[in-house]
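Here is a short report on one structure.

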Amino acid sequence: MIKRKNIIKIAIDSPAAAGAGTLAKAISKHYNLFYLDTGKIYRMIAYLKIRFPEKFNQKFIKTKIKNLKVEDLTNKSLLSDEVGTEASIISKVKKTRKLVHSFQLNFAYNPPKKYKGSCLDGRDITYNIIPDADFKFYITANLKTRAIRRYKELKVLNKKISLQEVLKSIKKRDKSDFNRKVSPLKKTKDSVLLNTSKLTKRACFLKIKKIIDKKIKT
Ligand code: C5P
């Protein structure tokens, strides 16, 4: 694998809807880093499983990952609750994770030249994908706050969705992501904890910026 030298690598792990994506995007923009929302890759595989159940096997996934472009991950159909739930099921499969792993590594260590580094968020980034990251964060928020945030996002796509439904599916997803055998979500000792429950987006951004600037400018 090609590894670019002297780049900044940021690893973020978080449970669903804790605000990690919004923060990671803001941080990446500010420091000119390549941003990869790794959950979208699992969502893309989940979407394929729902859409093409008859073709769905490891070979099919392998081909799709091989030809996958970052632009493919912006598809709106990946955002639904159904796809998110399915993503937490397919992400438990070791073989599937292995295929996704290589795609992530390439972007983490060899981001496109125009960027000064990379910022990845997901569930196993701090200890599995970029264990040598320059900065590691574990971003969380209480269950109710996360459910309300996700409910507001999903309501735009699906008017019929209820807060109760979203709460239930986030609980289910937490249970699976924290307790699965393969690459479970956890906070590593060397990750900085940030609870976003009572903080504005700006306040979260400034907290992270302060940590990064301190290290970069010394
Ligand atoms: O982050 P997002 O909610 O889009 O992720 C969807 C699902 O993909 C998660 O619930 C999790 O099961 C899985 N995932 C994972 N490892 C990652 C990112 C996401 O297992 N690095």
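A17 is buried, at 10% relative accessible area. Buried means under 20% relative accessible area, exposed means over 50%, and partly exposed is in between, with a 1.4 Å probe and protein chains only. A17 sits in the loop between strand 1 and helix 1 (20-31). Helices (H or I, at least four residues) and strands (E, at least two) are DSSP runs, numbered from the N terminus. The phi of A17 is positive, near 60 degrees, and A17 is not a glycine. Most residues other than glycine have a negative phi.

N6 is another non-glycine residue with a positive phi, about 55 degrees. N6 belongs to the segment before strand 1 (8-13). Its relative accessibility is 81%, so N6 counts as exposed.

## Basis of the model

This is a predicted model, in which local features need pLDDT of at least 70, side-chain atom pairs count only at pLDDT 80 or more, and totals for chains, interfaces and linings use all residues. Residues are numbered from 1 along each chain as its sequence is written, and side-chain values use heavy atoms, with hydrogens and water left out.

Strand 3 is mostly covered, with 6 of its 6 residues buried. G117, C119 and D121 point one way. S118, L120 and G122 point the other way. In a regular strand the side chains alternate between the two faces of the sheet. Strand 3 pairs with strand 1 in the parallel sense over 6 bridges. Strands pair if DSSP finds at least two bridges between them. Strand 2 also runs parallel to strand 3, joined by 5 bridges. D37 stands opposite D121 of strand 3.

How buried is S118 of strand 3? Its relative accessibility is 0%. S118 is the bridge partner of K9. Its side chain reaches the backbone oxygen of A108 at 2.7 Å. Such a polar contact is a pair of N or O atoms within 3.5 Å; within protein, one must be able to donate a hydrogen and the other to accept it, and residues adjacent in sequence count only if both atoms are side-chain atoms. Leaving aside neighbours within four places in sequence, S118 is in contact with I8, K9, I10, L33, F34, F107, A108 and P111. Contact means heavy atoms within 4.5 Å.

## Aromatic pairs

Rings of Phe, Tyr and Trp (its six-membered ring) pair if their centres lie within 6.5 Å; planes under 30 degrees apart count as stacked, over 60 as edge-to-face and the rest as tilted. By this rule there are 4 aromatic pairs. One of them joins F34 and Y115 edge-to-face, 5.5 Å centre to centre and with 70 degrees between the planes. F34 is in strand 2 (residues 33-37) and Y115 in the loop between helix 5 (94-109) and strand 3 (117-122), so the pair ties together parts 81 residues apart in sequence. F34 is buried at 8% relative accessibility, whereas Y115 is partly exposed at 22%.

F52 and F60 have ring centres 6.1 Å apart and planes at 70 degrees, so this pair is edge-to-face. F52 is partly exposed at 22%. F60 is buried at 13%. F34, F103, F107 and Y115 form one aromatic cluster.

## Charges over rings

K55 lies over the face of F52, 4.9 Å from the ring centre. A charge sits over a ring if NZ of Lys or CZ of Arg is within 6 Å of the ring centre and within 35 degrees of the ring normal. The charged end of K186 sits over the ring of Y127, at 4.1 Å from its centre.

## An enclosed helix

Why is helix 4 (residues 81-90) largely enclosed by the rest of the structure? Of its 10 residues, 8 are buried, so helix 4 is largely enclosed. They are D81, V83, G84, T85, E86, A87, S88 and I90. These buried residues pack against helix 2 (39-51), helix 5, helix 7 (143-157) and helix 8 (163-179).

## Around the ligand

There are 15 residues around the ligand. R43, R97, R173, D177 and R180 come nearest. A residue is near a molecule or strand if one of its heavy atoms lies within 4 Å of it.

A polar side-chain atom of R180 is 2.9 Å from a ligand oxygen atom. An N or O atom in the side chain of S91 is 3.0 Å from an oxygen atom of the ligand. For T38, a side-chain N or O atom lies 3.0 Å from a nitrogen atom of the ligand.
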